[in-house]
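Open the structure in your viewer and get ready to select a few pieces in turn.

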Amino acid sequence: MIRAHRVRPAGFVVAAAIMLAAGAAAWAEDFHGFDPTAFSGTMLSADQLKAMVADAKAVTPPRDGSGYLIGFANLQRDIAFGVKVETGIKANADAAGVELAVADNRLDGPTALANAESFVRRNADFVIEFQTDVNFGPAVMNQFDNAGIKVAAIDIPMPNAIFFGANNPRSGFMGGSYLAQAAVAEFGADKVAQGYLVVGELPQSGAIPAMRTGGQVAGFQAVLPDFPADHILKIDTKNTLQESFQQMSNLIGRIPAGVPIMVTAINDQAATGMLRAAQQAGREADTIVVGMGADETETLAKEPRFVASVGYFPERYGNYLIPIALATLAGKALPPAVLVNHVMVTKANICEFYKDTACAKDAKILDFKFPQEAFAKHLAALRGLEELKGYETLIPKE
């Protein structure tokens with residue numbers, strides 16, 4: 001289940017930006033070029049990363065008395081998002097000269113728990129967790145807490161772990177409002193009012209990712225406040241293309257012929273599965289899709305009805321996560337949550353973010369306007385939700 005190895009060098013990882021979550025403690029000092037309140041996201045040099053390791057060892061000696069072992073439990077190793085996250089973590093671990101043990105959580109809580117137990121047996125110095133089942137978070141963290149192992153959690157928070165990942169409220173609201181504006185531009189407001197919004201959710205991951213899909217609905221409604229509530233349909237994607245395809249196939253027969261089908265989902269894989277179902281049902285011309293993640297670059301570039309995706313830039317995650325691990329081992333005070341800064345990635349601008357993917361010269365350019373005032377009201381409503389108490393640092397200020 002776990003494969004340990006020295007990771008291989010990887011190429012340059014493009015710069016990204018982060019924002020500090022609301023209520024997070026201020027960063028006290030620069031740590032060899034790493035300050036999460038101002039970090040560009042560009043991969044640090046090997047010299048900087050090795051200097052971090054030296055400082056960390058002076059505070060927290062490696063458990064084996066020699067070198068650090070960092071565990072990384074990936075969400076799933078054969079999906080595009082997971083592959084890109086893993087590649088970035090490997091590149092940084094290799095440059096730092098630390099050993100990396102990689103596990104595959106396989107989108108499964110019991111597997112994540114078994115992997116955690118294995119990391120503890122291997123005496124890992126730090127663990128990066130990317131696991132989807134919120135119900136297993138406490139059990140997984142219990143293993144690490146009992147062993148005194150610090151953890152960073154990607155996208156789904158776990159008790160006592162540093163959170164790194166999506167700004168769920170903003171990314172969702174951005175994607176939903178873009179979808180509404182793109183749909184009006186494509187079909188016209190009168191026809192859109194007769195259409196259906198289909199949202200691919202992920203209930204198993206709990207309240208935090210639910211802020212993303214809830215934001216998609218809220219963003220859509222901010223642009224189209226009179227859109228009929230009974231025309232908003234939701235499916236459980238189980239975080240996979242296959243399940244999304246099946247559930248969308250089951251649902252699409254309920255949508256009247258010829259009306260617009262506006263699709264968005266928890267991630268690009270789910271959105272792609274939903275698009276494939278519309279294509280198989282002969283409804284592609286009625287469908288418009290906005291994804292989440294912008295990691296399925298080929299789909300975004302080549303599928304006419306997949307018009308945009310909210311960028312998460314998973315290939316840059318390792319540029320933060322290995323420095324976060326080393327800063328923690330060096331005893332530096334880190335904020336409890338670091339959130340990604342999201343942008344809309346379209347056929348017209350994809351080459352600006354992914355140099356090996358061409359921009360479409362004839363792509364329609366939407367004059368997208370982010371509904372900031374409506375978003376501020378959405379954030380205020382989130383802060384009053386009982387299920388989000390204790391997660392205030394994951395709700396941005398604006």
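The tour below goes from a strand to its neighbours and then to a pair of helices.

This is a predicted model, where local features need pLDDT of at least 70, side-chain atom pairs count only at pLDDT 80 or more, and totals for chains, interfaces and linings use all residues. Residues are numbered from 1 along each chain as its sequence is written, and side-chain values use heavy atoms, leaving out hydrogens and water.

**Stop 1: strand 3.** Select residues 69-74. Helices (H or I, at least four residues) and strands (E, at least two) are DSSP runs, numbered from the N terminus. 6 of the 6 residues here are buried, so strand 3 is largely enclosed by the rest of the structure. Buried means under 20% relative accessible area (1.4 Å probe, protein chains only). Leu69, Gly71 and Ala73 point one way, and Ile70, Phe72 and Asn74 the other way.

**Stop 2: the partners.** Find alanine 73 opposite alanine 103.

**Stop 3: helix 2 and helix 11.** Select helix 2, residues 80-96. Then select helix 11, residues 317-329. How do their axes meet? They come within 7 Å and cross at roughly 50°. The axes are lines fitted to C-alpha atoms over the stretch in contact, with angles from 0 to 180 degrees between N-to-C directions. For contacts (heavy atoms within 4.5 Å), show side chains including Phe81 and Val85 in helix 2, and Tyr317 and Leu321 in helix 11.

Technical notes: Buried < 20%, exposed > 50% of the residue type's maximum accessible area, 1.4 Å probe, protein only. Pairing = 2+ DSSP bridges. Right-handed = clockwise from strand over helix to strand, strands pointing away.
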